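Colleague: Could you take a close look at the inside of this one and walk me through how it is put together? I'd like the cut-offs spelled out as you go.

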Amino acid sequence: MSDTAAESPAPTADEALHTTLEMPFDDAVPFVQIEHELADFETVRVTRLDEMIEGMLGHDDVERTALIVVCHPEIAHDALSIDPTLAGMLPCTTLVYEREGDDLVHVHHVSATKAIRDLGCAPGDCGDAVDDLVEKTGELMTVVWENIEEHGR
């Protein structure tokens, strides 16, 4: 791997969404979850990674971290229409976490459909359909993100 490749994140990581909220962590998790649901994403699960790690491994040194796992019916339908195996790359996950040294709650989302595109997970003749899937996902998540940023201040 060249030094340039190591320094430049892949498009999926480079285009990730990130924002911060000035509210308590325990309020931020349901707030972010509801903003997804208001845009017709269904919550699959909310998991506290820090609690899971502490409970299973005994490590109590992990900052509070929650995974909000959601799926949008249109995205799921379109992914399955391209190739049923793409469902293994779904659903979408948004991370809510704290960092030592600041008083903010961080919200981070990496697009599952961009990962499908960038990892080449779809059959070779599906490029246009995958591009449409990425575009639709981007439009839906943009609504979620704008609302998180507008209402989370």
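**Inside the core**

Modeller: Leu 21, Val 32, Phe 41, Ile 82, Val 96, Val 130 and Ile 148 touch the most other members of the largest nonpolar core, which has 34 residues. (A nonpolar core here is a set of buried Ala, Val, Leu, Ile, Met, Phe, Trp, Tyr and Cys residues joined through side-chain atoms within 4.5 Å; buried means under 20% relative accessible area, exposed over 50% and partly exposed in between, with a 1.4 Å probe and protein chains only.) At least two core residues each come from α3 (25-38), β3 (65-71), α5 (73-82), β4 (92-98), β5 (105-109), α6 (112-119) and α7 (127-151). The biggest contributor is α7, with eight residues. (Helices, H or I with at least four residues, and strands, E with at least two, are DSSP runs numbered from the N terminus.) As a rule, nonpolar side chains in soluble globular proteins tend to be buried together.

Before going on: this is a predicted model, so local features need pLDDT of at least 70 and side-chain atom pairs count only at pLDDT 80 or more, while totals for chains, interfaces and linings use all residues. Numbering starts from 1 along each chain as its sequence is written, and side-chain values use heavy atoms, with hydrogens and water left out.

Now zoom in on α7. Skipping residues up to four places away in sequence, Val 130 touches Ile 82, Ile 116, Arg 117 and Ala 122 (contact means heavy atoms within 4.5 Å).

Take the α6 side to begin with. The α6 and α7 axes sit 8 Å apart, at an angle of about 155°, so α6 runs roughly antiparallel to α7. (Axes are lines fitted to C-alpha atoms, for helices over the stretch in contact, and angles run from 0 to 180 degrees between N-to-C directions; under 35 degrees counts as roughly parallel, over 145 as roughly antiparallel, 65 to 115 as roughly perpendicular and the rest as oblique.) From α6, the contact uses Thr 113, Lys 114, Ile 116 and Arg 117, and from α7 it uses Val 130, Asp 131, Leu 133, Val 134 and Thr 137.

Thr 113 of α6 deserves a stop. At 0% relative accessibility, Thr 113 counts as buried. Beyond its neighbours within four places in sequence, Thr 113 contacts Ile 75, Leu 133, Val 134 and Thr 137. Thr 113 and Thr 12 are 101 residues apart in sequence, yet 8.9 Å apart in space, C-alpha to C-alpha.

Then there's α5. The axes of α5 and α7 come within 10 Å and cross at roughly 170°, which makes α5 roughly antiparallel to α7 too. The α5 residues in that contact are Glu 74, Ile 75, Asp 78, Ala 79 and Ile 82; those of α7 are Ala 129, Val 130, Leu 133, Lys 136, Thr 137 and Leu 140.

Pro 91 is in the loop between α5 and β4, and the peptide bond from Leu 90 to Pro 91 is cis, with omega near 0°. Asp 40, in the loop between α3 and β2, isn't a glycine but has a positive phi of about 70°. Most residues other than glycine have a negative phi, and most peptide bonds are trans. With a relative accessible area of 55%, Asp 40 is exposed.
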